[in-house]
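Let's take a walk through a protein model together, one topic at a time. Have the sequence and the 3D view ready as you read.

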Amino acid sequence: MAKGYWIANMDVRDPQVYDTYRAANAKPLKDFGAKFLVRGGTQNAVEGPVKSRTVIIEFPSYADALACYESADYQAAKSIRLNVADGTLMIVEGYEG
């Protein structure tokens with residue numbers, strides 16, 4: 001079974017409130033077996049426009065990645081993030097090739 005991934009690319013306008021979002025998303029991410037592969041850190045945009053913060057989170061499966069996003073706990077956390085960050089979040093299925 002292919003793993004699932006969240007790939008987020010964000011500009012954070014209020015780091016203190018964003019920390020509240022990170023605290024709120026800890027439970028649903030743990031509940032669905034998430035593992036951070038990239039969490040901010042140094043990045044170098046070599047092609048195209050990107051936001052200042054990139055996060056990649058791995059889940060045991062694509063279904064787990066979707067279920068986490070759709071969970072009530074994550075939706076509550078997301079409501080915090082929407083007020084302080086702009087960007088994109090994709091949920092993708094991993095490649096088992």
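Start with leucine 82, which sits in the loop between helix 3 and strand 4 (85-93); helices (H or I, at least four residues) and strands (E, at least two) are DSSP runs, numbered from the N terminus. Keep in mind that this is a predicted model, where local features need pLDDT of at least 70, side-chain atom pairs count only at pLDDT 80 or more, and totals for chains, interfaces and linings use all residues. Residues are numbered from 1 along each chain as its sequence is written, and side-chain values use heavy atoms, with hydrogens and water left out.

- Leucine 82 has a relative accessibility of 48%, so it counts as partly exposed (buried means under 20% relative accessible area, exposed over 50%, partly exposed in between, with a 1.4 Å probe and protein chains only).
- The C-alpha atoms of leucine 82 and lysine 35 are separated by 22 Å, and the two residues are 47 residues apart along the chain.
- Alanine 72 belongs to helix 3, and at 65% relative accessibility it counts as exposed.
- From alanine 72 to proline 28 it's 44 residues in sequence but 8.7 Å in space, C-alpha to C-alpha.
- Serine 61 is in the loop between strand 3 and helix 2, and its 4% relative accessibility makes it buried.
- Leaving out residues up to four places away in sequence, serine 61 touches Met1, Ala2, Lys3 and Gly4 (contact means heavy atoms within 4.5 Å).

**Aromatic rings**

- Searching the whole structure turns up six aromatic pairs (rings of Phe, Tyr and Trp, its six-membered ring, pair if their centres lie within 6.5 Å; planes under 30 degrees apart count as stacked, over 60 as edge-to-face and the rest as tilted).
- Tryptophan 6 and tyrosine 69 have ring centres 6.1 Å apart and planes at 80°, so they form an edge-to-face pair.
- That pair links distant parts of the chain, 63 residues apart: tryptophan 6 is in strand 1 and tyrosine 69 in helix 2 (residues 62-70).
- Tryptophan 6 is buried at 3% relative accessible area, whereas tyrosine 69 is partly exposed at 23%.
- Tyrosine 21 and tyrosine 74 are edge-to-face too, because their ring centres are 6.3 Å apart and their planes are at 75°.
- Tyrosine 21 is in helix 1 and tyrosine 74 in helix 3, so this pair ties together parts 53 residues apart in sequence.
- Both partners are buried: tyrosine 21 has a relative accessible area of 6%, and tyrosine 74 has 0%.
- Ring pairs join Trp6, Tyr18, Tyr21, Phe59, Tyr69 and Tyr74 into a cluster.

**The cavity**

- The whole structure holds one cavity of 30 Å³ or more (on a 1 Å grid over the protein atoms alone, a cavity is a set of points where a 1.4 Å probe fits but cannot get out; lining residues have an atom within 4 Å of a point).
- The largest cavity contains about 150 Å³ of space.
- Its lining has 16 residues, with Tyr18, Tyr21, Asn25, Val55 and Ile57 nearest the centre.
- Helix 1 gives the most to the lining of the largest cavity: five residues.
- By type, the lining of the largest cavity has 11 nonpolar residues, one polar and four charged (Ala, Val, Leu, Ile, Met, Phe, Trp, Tyr, Cys and Pro count as nonpolar, Asp, Glu, Lys and Arg as charged, and the others, Gly among them, as polar).

Note on methods. 1 Å grid on protein atoms, 1.4 Å probe; cavity = no way out; pocket = protein on both sides within 12 Å on 5 of 7 lines; lining within 4 Å. Points joined across faces, edges and corners; volume = space filled by probe spheres on them.
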